[in-house]
Amino acid sequence: MSSTFPASLPQGSPCVHKFGGSSLADAGCLARVSRILGEAAEPAQLIVVSALQGVTNALVALTDSVDDPGTALATLLQRHLALAAAVGDAELHAWLELDFGACATQWALARAAGWSAATRAQIHGRGELWSARCLQSRLRHDGRDCVLLDARTVLTVRQHDLGAQVDWPRSQAAWAAWRGQHAQAHVVVTGFIARDADGADTTLGRNGSDYSAAIFAALSGARELTLWGDTDGVLSADPRLVDEAVSLPQLSYAEACELAYFGAQVIHPQTMIPAMQRALPIRIRNSFKPAHPGTRIDQSSQREAAVKGLSAMLGMALVNLEGAGMLGVPGTAERVFGALRAAGVSVSMISQGSSEHSICCVIRDADAARAQHALTQAFAAEIVAGSIQGVALSRDIGVLAAVGDGMIGRPGVAARLLSGIARAQVSVRAIAQGASERSISVAIGADETTRALRAAHAAFLLAEQTLSIGIIGPGQIGAALLEQLRAAQPRLRRAHRIDLRVRAIADSRQQWLDAGTELPADWRLRVHEGAATDLAAFAAHVHPGHLPHAVIIDCSASDALADAYPGWLRAGIHVITPSKRAASGPIARWLNIRAAAAASGAQLRYEASVGAGLPVLQTLRDLIDTGDALLAIEGILSGTLSWLFNHYDGSRPFSALLREAHARGYTEPDPRDDLAGMDVARKLVILAREAGLTLEVEQVTVENLVPAALMNLERAQFMARLDELDAAMAARHAQAQRNGCRLRYLARLDAHGAATVGLLEVAETHAAAHLRATDNLVQFSTRRYCDNPLIVQGPGAGPEVTAAGVFADLLRVAGNLRSNP
């Protein structure tokens, strides 16, 4: 490339690139940076650099230490010598050794004479000098003529309460003078360092290289500023806290300023000031993924989405001044902020009720004690008089902020934010929104910040709706559900942005806990090799602090497990089950379970407990909720008994059909569990309770099809004596035929709660007379559907259809979280 600016390009119009420490960490990184700059094919470039990753921290530690710096400096020297060796630059090698020696001498002199601010700044800023020389060497090695600019030659700043302020006239003049003597197209500039008005060394503060880049972009009249780091632009949230954070293609200056203020670590807040004043576009890009477009920050405002991003600050405290004596008293807020300013305390967030009864401020936790003391002194007279109750201090506070130009004039944004946080079981301590409507910030407990951040992130659909899932009982139904989930996960993420993460599986003996995003194909082996089942540890893993939404799916048949439901629900864990044990168990326990769900807002779903995948309970709820009155329920509620009596026509003994059903897996391992009718009775109890009745299983009249002589045998003995069922069953079948009817095992419930389950004769015209295979049938007679009952019919047994019913409940949970976070 030419060593001078082309005639067609004014000397004041380069592109500015700033590379952070991670982008310059080693020789491979420097080679990548050189390729990026070369492929940009820009006629003129200013390249602003930070120190190599970790170097500034090490230099700051040196100035804070009394130990000899020899070892630490030797380690840093070797890192930089490796960069010189990579390009074979002997001159750079010699310069580095000399400058590191000078640094050690300077440290020793300062240690003896006392540290001045200028000396500290000289040592703290040396990393940028080293990295700039190394990058210059790399670029020259790759054939590009470039010159190095020590920013202290040009940049003059004044230290102010608001940070380093540029002396623009003086710096502009110095830049013009320097540029007049150096016409190279490529300039490598040291970031972070500058001089004050007296010529003493100073720095721009931590992460000040971004600010340096913006300053030099302004001085040079640059066309664009690109900040290269190790993230794909500005993300919708901190990826260390929110795995699903996404790259934002565009931000306005105002949005970027808000995110930077509230802790987003992608851009220095002061960087925005020169850019905004000169309408300079900024790009945030990833040097490790140069093909990624990153984020563009400019004047434009895209308001399609209400919220662009969320950020969080930790290490905060909340100080609150409260009392009736503040009502209508002018100047109270002025006294509060005056006292805090005098104490050197910066206020990050303010919230005051319209009643003027209290003022609370969020401040850094390090300033908390000083702030409380300052306010206590400032309002001492009012506190003694009792007109102000005192100054309350709350430590361990986090601040969560939602930012976006799309919030302006759009109702419901605050409601969506607060609703999402509430469903994650997080309490808001204070809330603030400026008149610009561009951001809403809330103060919450520090230990709940990650969970709240993830919940709010999902609430605004900035990424997938993530549900952490634990499954108990990986038997036939549980295993079918797991395979259905594994198959559906990619489609749900792609098409509906729902991320269903199975993070725990347990049976009665062992459990497997995992933090991955994908369900492995060998999950059965992992459960088998897992630790002993511990339900407390299981629930804690499924509902960790960083995941806002958790679901436990109980596919077991354990009655005791239902005792854990209230605790899970109160903790905000949604519960889904196909088991009948909870909903048909003792009414006191069931009411406690329902109350726990209502109190926490956690969802309780058990659609598959009656009718497997059929919408039986939902249909009944819809009837009741829309004001209909239930007159009666009648139905076939057992897929096993449905299959048996659909096929029993007298041509084969009943025992032969029972053995076939058992071989096909239609029955329970012990068929007496089906023939005794208790499974049907439990389902009828669930229907009754859904209709508002307080029926107990013991109140259902149940016909047991197993003779008393066979009830207490071992299972193998029972199976060997199945023929003893045939005579009585044949007689009942013959009687039904004589009456022109068919045998069906029916459940019946009337409006008063009278419930019966048993084998009955039904006419050929009855809906249950012509079922197929394992069909269930539920017939609702209501005030609206009295002449022609409403019927729900279809397969009501089998692992696949039952698992599908559970899966549908899971999607309903996810859908509710999305529509009403």
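In this predicted model, Ser212 makes contacts with Val48, Gly191, Phe192 and Leu204, its neighbours within four places in sequence being left aside. Ser212 belongs to helix α8. Its relative accessibility is 0%, so Ser212 counts as buried.

Helix α8 spans residues 208–220 and packs against helix α7, residues 168–181. The two axes lie 10 Å apart, at an angle of about 70°. An angle from 65 to 115 degrees counts as roughly perpendicular, so α7 is roughly perpendicular to α8. The crossing of these two helices is right-handed. On the α7 side, the contact involves Trp168, Ser171, Gln172 and Trp175. On the α8 side, it involves Ile215, Phe216, Ala218, Leu219 and Ser220. By class, the residues of this contact comprise 6 nonpolar, 3 polar and no charged. Aromatic rings also join up here: Trp175, Trp178 and Phe216 are linked by ring pairs into a cluster.

The count of aromatic pairs in the model is 9. One of them is formed by Tyr648 and Phe654. The ring centres of Tyr648 and Phe654 are 5.5 Å apart, and their planes stand at 80°. The pair is edge-to-face. Tyr648 and Phe654 are both buried.

Two further helix pairs were examined. Two packed helices are described by the angle between their axes and by the distance between those axes. Helix α1 (residues 27–40) packs with helix α6 (residues 126–141) at about 60°. Their axes are 10 Å apart. The helices α1 and α6 are therefore oblique to each other. The crossing of α1 past α6 is right-handed. From α1, the contact draws on Leu30, Ala31, Val33, Ser34 and Leu37. From α6, it draws on Cys134, Leu135, Arg138 and Leu139. The contact of α1 with α6 contains 7 nonpolar residues, 1 polar and 1 charged.

Helix α2 (residues 55–64) and helix α3 (residues 70–87) form the other pair. Their axes cross at roughly 160° and come within 11 Å. Angles over 145 degrees count as roughly antiparallel, so α2 is roughly antiparallel to α3. The crossing of α2 past α3 is left-handed. Val55, Ala58, Leu59 and Leu62 contribute from α2. Ala72, Leu73, Leu76, Arg79 and His80 contribute from α3. Here the contact of α2 with α3 has 7 nonpolar residues, 1 polar and 1 charged.

Helix α9, residues 253–261, has a set of buried residues. These are Tyr253, Glu255, Ala256, Glu258, Leu259 and Ala260. Their cover includes helix α10 (272–277). It also includes the strands β10 (250–252), β12 (295–298), β13 (309–322), β16 (390–403) and β18 (439–445).

Strand β16 holds Val399. With a relative accessible area of 1%, Val399 is buried. Val399 and Val442 are 43 residues apart along the chain. Their C-alpha atoms are separated by 5.6 Å.

Ile624 sits in helix α22, residues 616–625. Its relative accessibility is 28%, so Ile624 counts as partly exposed.

Positive phi values were found at two alanines. Ala279 is a residue other than glycine, yet its phi is positive, near 50°. Ala279 occupies the loop between α10 and β11 (282–286). At 36% relative accessibility, Ala279 counts as partly exposed. Ala773 is not a glycine either, and its phi is positive at about 50°. The loop that holds Ala773 runs between β29 (755–763) and β30 (775–782). Ala773 has a relative accessible area of 40% and is thus partly exposed.

Note on methods. Residues numbered from 1 in each chain as written. Predicted model: local features only at pLDDT ≥ 70, side-chain atom pairs only at ≥ 80, totals over all residues. Heavy atoms only, no water. Axes fitted to C-alpha atoms, helices over the stretch in contact; angles between N-to-C directions. Helix = DSSP H or I, 4+ residues; strand = E, 2+ residues; numbered from the N terminus. Parallel < 35°, antiparallel > 145°, perpendicular 65-115°, else oblique. Left-handed = near helix turned anticlockwise from the far one by under 90°. Contact = heavy atoms within 4.5 Å. Nonpolar A, V, L, I, M, F, W, Y, C, P; charged D, E, K, R; others polar. Phe/Tyr/Trp six-rings, centres within 6.5 Å; stacked < 30°, edge-to-face > 60°. Buried < 20%, exposed > 50% of the residue type's maximum accessible area, 1.4 Å probe, protein only.
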